[in-house]
Amino acid sequence: MARIINLTQHAATSDQVSAGVFEPADKSAVAALLTFEEPPTKEERAVRAATLAEMAVASEAEAAMIGGAPFFMYALEAALKDRGVRPVHAFSRRESVEKKLPDGSVQKTQVFRHAGWVEA
C-alpha cells in the first residue's frame, strides 16, 4: 500500500487512513501554507508549494493527497512531481441518508464515502 501524506486542511477519514493516508508531523504548518488571506503572487505560490513538497519528501511519502484553493493546486502538483511524489485528489461517493424524526418529519443528510483517487 502506498504511503500517502495528507496535504489538505482536513483530517483524513478512516477510509482514507485504511487506504494509506497519514497525517503530516506538523498539520498546523500544512494548514497555514494552504491558507491565503490575500491573492498570492506566483512566487509566493511557488515557495509554499515547494515547502509542502519538501514535507512530503521528508516524510517518505510516495503520494500526497491534495486539495484546497484551485489557484494553488497547479503549483503544488508541479512541486510534488518535481520531487517524485505523486499528487492525488480524493474521490468520494455521496450517499443520501434519510432518517424519520419523532415528529414525523424526515431529515436528509449526505454522507461522503472515500472511493479512490484521481491522479493529478
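**View 1. Ala32 in helix H2 of the predicted model.** Ala32 is found in helix H2, which covers residues 27-34. The model is a predicted one. Arg48 lies 16 residues from Ala32 along the chain, and the C-alpha atoms of the two are separated by 9.5 Å.

**View 2. The salt bridge between Arg48 and Glu44 in helix H3.** The side chains of Arg48 and Glu44 meet in a salt bridge, with 2.8 Å from N to O. The two residues are four apart in helix H3 (residues 42-58), so about one helical turn separates them. Arg48 counts as buried because its relative accessibility is 16%, under the 20% limit. Glu44, at 29% relative accessibility, counts as partly exposed.

**View 3. The salt bridge between Arg83 and Glu54.** Here the side chains of Arg83 and Glu54 meet at 2.5 Å, N to O, in a salt bridge. This pair links distant parts of the chain, 29 residues apart: Arg83 is in the loop between helix H4 (70-82) and strand E4 (86-100), and Glu54 is in helix H3. Arg83 has a relative accessible area of 31% and is partly exposed. Glu54 also counts as partly exposed, at 41% relative accessibility.

**View 4. The salt bridge between Arg86 and Glu119.** A salt bridge joins the side chains of Arg86 and Glu119 (3.5 Å, N to O). Arg86 lies in strand E4 and Glu119 in strand E5, so the pair ties together parts that are 33 residues apart in sequence. Arg86 is partly exposed, with a relative accessible area of 31%. Glu119 is exposed, its relative accessible area being 52%. The structure holds five salt bridges, among them the one between Arg86 and Glu119.

View 5. Five strands make up an open sheet with mixed pairing, in the order E2-E1-E3-E4-E5. Its edge strands are E2 (21-22) and E5 (106-119), each of which pairs on one side only. Strands of a sheet pair through backbone hydrogen bonds, either parallel or antiparallel. Strand E1 (residues 4-7) pairs with E2 in the parallel sense, over two bridges. Ile5 stands opposite Phe22 in E2. At the other edge, strand E5 carries Glu119, the partner of Arg86 in strand E4.

Methods: Residues numbered from 1 in each chain as written. Predicted model: local features only at pLDDT ≥ 70, side-chain atom pairs only at ≥ 80, totals over all residues. Heavy atoms only, no water. Pairing = 2+ DSSP bridges. Salt bridge = Lys/Arg side-chain N within 4 Å of Asp/Glu carboxyl O. Buried < 20%, exposed > 50% of the residue type's maximum accessible area, 1.4 Å probe, protein only.
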